[in-house]
Amino acid sequence: MTGLSAVLIFVGLFLLGGAISFWKQKLPKGIIAVLGAGAALALLAGILRLEVWA
């Protein structure tokens, strides 16, 4: 696992936690959607950068 993939996975999990927290606080759905999309993209990028695919 490279450092960048670890950082991307960490950021994705952080954003996912923020989206869940905002959802529990019943904040606007647009903010939750943006956080969720960012979390999904960061996690996907981190997983795809793992060296197990090569």
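**View 1. Gly38 sits in helix α2, which covers residues 29-48.** This is a predicted model, where local features need pLDDT of at least 70, side-chain atom pairs count only at pLDDT 80 or more, and totals for chains, interfaces and linings use all residues. Residues are numbered from 1 along each chain as its sequence is written, and side-chain values use heavy atoms, with hydrogens and water left out. A helix here is a DSSP run of H or I with at least four residues, a strand is a run of E with at least two, and both are numbered from the N terminus. Gly38 comes out as partly exposed because its relative accessibility is 25%. For these labels, buried means under 20% relative accessible area, exposed means over 50%, and partly exposed is in between (1.4 Å probe, protein chains only). Look across to Leu16: Gly38 and Leu16 are 22 residues apart in sequence, with their C-alpha atoms 8.3 Å apart in space.

**View 2. Ala37 also belongs to helix α2.** With 39% relative accessibility, Ala37 is partly exposed. Pick out Phe22 as well: Ala37 and Phe22 are 15 residues apart in sequence, and 14 Å separates them in space, C-alpha to C-alpha.

**View 3. Lys26 is in the loop that links α1 and α2.** For background, most residues other than glycine have a negative phi. Lys26 is exposed, at 73% relative accessible area.

**View 4. Ser5 is tucked away in helix α1, residues 3-24.** Its relative accessibility is 0%, so Ser5 counts as buried. The Ser5 side chain gets to 2.9 Å from the backbone oxygen of Thr2. Setting aside residues up to four places away in sequence, Ser5 touches Gly46, Arg49 and Leu50 (contact means heavy atoms within 4.5 Å).

**View 5. Thr2 lies in the segment before α1.** Thr2 is partly exposed, at 24% relative accessible area. Once neighbours within four places in sequence are left aside, Thr2 is in contact with Arg49 and Glu51. Thr2 and Arg49 are 47 residues apart in sequence, yet their C-alpha atoms are 8.0 Å apart in space.

**View 6. Leu4, Val7, Phe10, Val11 and Phe14 make a nonpolar surface patch of about 520 Å².** Patch members have over 30% relative accessible area and no salt bridge; nonpolar side chains (Val, Leu, Ile, Met, Phe, Trp, Tyr) are joined within 5 Å, and like charges within 9 Å. A salt bridge, in turn, puts a side-chain nitrogen of Lys or Arg within 4 Å of a carboxyl oxygen of Asp or Glu.

**View 7. Stepping back, the protein chain has two helices and zero strands.** Its radius of gyration, taken over C-alpha atoms, is 13 Å, well over the 10 Å that the globule rule (2.2 Å times the number of residues to the power 0.38) gives for 54 residues, so the chain is more spread out than a compact globule. The C-alpha atoms fill a box of roughly 40 × 15 × 10 Å along the principal axes. Of the 54 residues, 19% count as buried. Among contacts with a separation of 6 or more, 65% come from residues 24 or more positions apart.

Conventions. A polar contact is a pair of N or O atoms within 3.5 Å; within protein, one must be able to donate a hydrogen and the other to accept it, and residues adjacent in sequence count only if both atoms are side-chain atoms. Accessible areas come from the Shrake-Rupley method with a 1.4 Å probe; for residues, only the protein chains shown count as cover.
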